[in-house]
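Thanks for coming. I will take you through a few features of one structure, starting with charged pairs and moving on to sheets.

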Amino acid sequence: YGAGVTTYVDAASTPSLDTMSYTLAAIDSCINTGLINESPQHTILLEDTVIRCSQSIILNWSSYDRWQKGVEKYDLFISVNGAPPVLYQTYTVNTLRDTISGFNDGDELCMTIVAKEKNSAFLSTSNEVCVTLNVVQAANDLYVRGVSVVAANTVEVKYSVDPLADLKTFTIERSVDSISFTALATFSPPDLSVVNVFLDTTAQTSQSSYYYRLITLDSCNVHDTSSLGRTMLLQGYAFSDLTYYISWNPSQMDYGKVINYEIYRDDGNGFNFLTSLNAATLNYEEGNLTETATPCYYVVAVDSMIFPNGVKDTIHSRSNEICLNQPSQIYMPNAFAPLGKNNVFTPILNVEGVKSFSFLIFNRWGEQIFFSENPSQGWDGKFKGVYVQQGAYAYVVDVIDDSGKHIQAKGTVMVI
């Protein structure tokens, strides 16, 4: 090489297989060899080992040890999926090994180590190591996305997970106290690119509120547990004054916040939206319904979800349905006018089915003047075809409903 040449490219070298050693010798015009540098410098050999089950890469590199001033530091540069290399980590002169992680299965990484000489601008770059990661992706972003009672004794559980997760099985679990869980089913992974649904058809939705979670098993036999979601149990009571009261437990979704509760009622013509209540209100009462109404209710919780992975969602979780029957009762008018507008004295029955019925009227001397076993037949104020005199008359009504319950009404009615 000429005296002015200060660089050399070794196209036949194999720096990815071993360190390459180089030195210099000066030769004069008479082909006499001068001093030879007997301390050759070596390239940095960077090597990698991928650990599938820990989703990590072990990096080892050889030291750069022949600079006169010594090495100041080592810099690791990484390019991810074709992007420009960026500084990932800086190491001390005595550090020649590191384990890196935080990358996804399928990522393409290219890595180099760059040594810098102390108090100078000289650098030495290692061979470039490129690898397409084949690691077991953990079940990141494993979330319950919603729980709703969609039919009697049927709960719909929605869930999602990182679509890159390398999973073997899913297990859905249920609990009544969020502590002791029971496995409901174990199944192979579904399509992980969408929000999936599991239907629990063994829940007693009118008796209990349930917590749900998922347990995944990945290819390294590592388990991950999802967030929790809880169903709402709606309960209620019908009072004898024709008012109706319902209450429910709070909607509980990890990473969720209740915005409001929506009340729906069916009074025989299908469910319709009734009202919206704030997140702190867990009961509702209403009255002024007809005596024959048997209203049914359900509640929908509207939750705002913000998951740790940044995904935002608004979900609607539905409770069980309940229908509220008035307590079995017999309503009796206190007066009627046989020759007026309200001219028939008839018991009003608020019972669930009638197995037997009897209705008797007595005059002031205890004589029975009317009897019926037909709930729809009332007394017209006559005895033996003649209207009775004005005054008080005793009555006794006996009913046995479909459940076998005996209800009786006794009293007097004024004939006016």
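Glu286 and Arg265 form a salt bridge, and their closest N and O atoms are 2.7 Å apart. Glu286 sits in strand S26, residues 283–286, and Arg265 in strand S24, residues 256–266, so this pair ties together parts that are 21 residues apart in sequence. Both Glu286 and Arg265 are buried. Asp267 joins them, and Arg265, Asp267 and Glu286 are linked in a network of salt bridges. Please keep in mind that this is a predicted model.

How many salt bridges does a search of the whole structure find? The count is ten. Another one of them is between Asp313 and Arg145, with the closest N and O atoms 3.4 Å apart. Asp313 belongs to strand S28, residues 312–318, and Arg145 to strand S13, so here the parts tied together are 168 residues apart in sequence. Arg145 counts as buried because its relative accessibility is 14%, under the 20% cut-off. Asp313, at 27% relative accessible area, is partly exposed.

There is also a salt bridge between the side chains of Asp75 and Lys73, at 3.4 Å from N to O. Asp75 is buried, with a relative accessible area of 9%, while Lys73 is partly exposed at 25%.

Now to the sheets. Strand S13 belongs to an open sheet of three strands, in the order S13-S14-S17, with antiparallel pairing. Which strands are at the edges? They are S13 and strand S17, residues 196–200, each of which pairs on one side only. From one strand to the next, the twist averages 25°. Strand S14, residues 154–160, pairs with S17 over five bridges, and Val157 has Phe198 in S17 as its bridge partner.

Val150 is also in strand S13, which covers residues 143–151. Val150 is partly exposed, with a relative accessible area of 45%. Together with Val197 and Leu199, Val150 forms a nonpolar patch on the surface, with about 250 Å² of accessible area in total.

A second open sheet has five strands, in the order S31-S38-S37-S33-S34, and its pairing is mixed. Its edge strands are S31, residues 335–336, and S34, residues 368–372, each pairing on one side only. Strand S33, residues 354–362, runs antiparallel to S34, and four bridges join the two. Ile361 stands opposite Phe370 in S34.

Last, Val86, in strand S8, residues 86–91. Leaving aside neighbours within four places in sequence, Val86 is in contact with Leu76, Phe77 and Ile78.

Definitions and conventions
Residues numbered from 1 in each chain as written. Predicted model: local features only at pLDDT ≥ 70, side-chain atom pairs only at ≥ 80, totals over all residues. Heavy atoms only, no water. Patch = residues over 30% accessible without salt bridge, like charges linked within 9 Å, V, L, I, M, F, W, Y side chains within 5 Å. Areas by Shrake-Rupley, 256 points an atom, 1.4 Å probe, with all protein chains shown as cover. Salt bridge = Lys/Arg side-chain N within 4 Å of Asp/Glu carboxyl O. Buried < 20%, exposed > 50% of the residue type's maximum accessible area, 1.4 Å probe, protein only. Pairing = 2+ DSSP bridges. Contact = heavy atoms within 4.5 Å. Axes fitted to C-alpha atoms, helices over the stretch in contact; angles between N-to-C directions.
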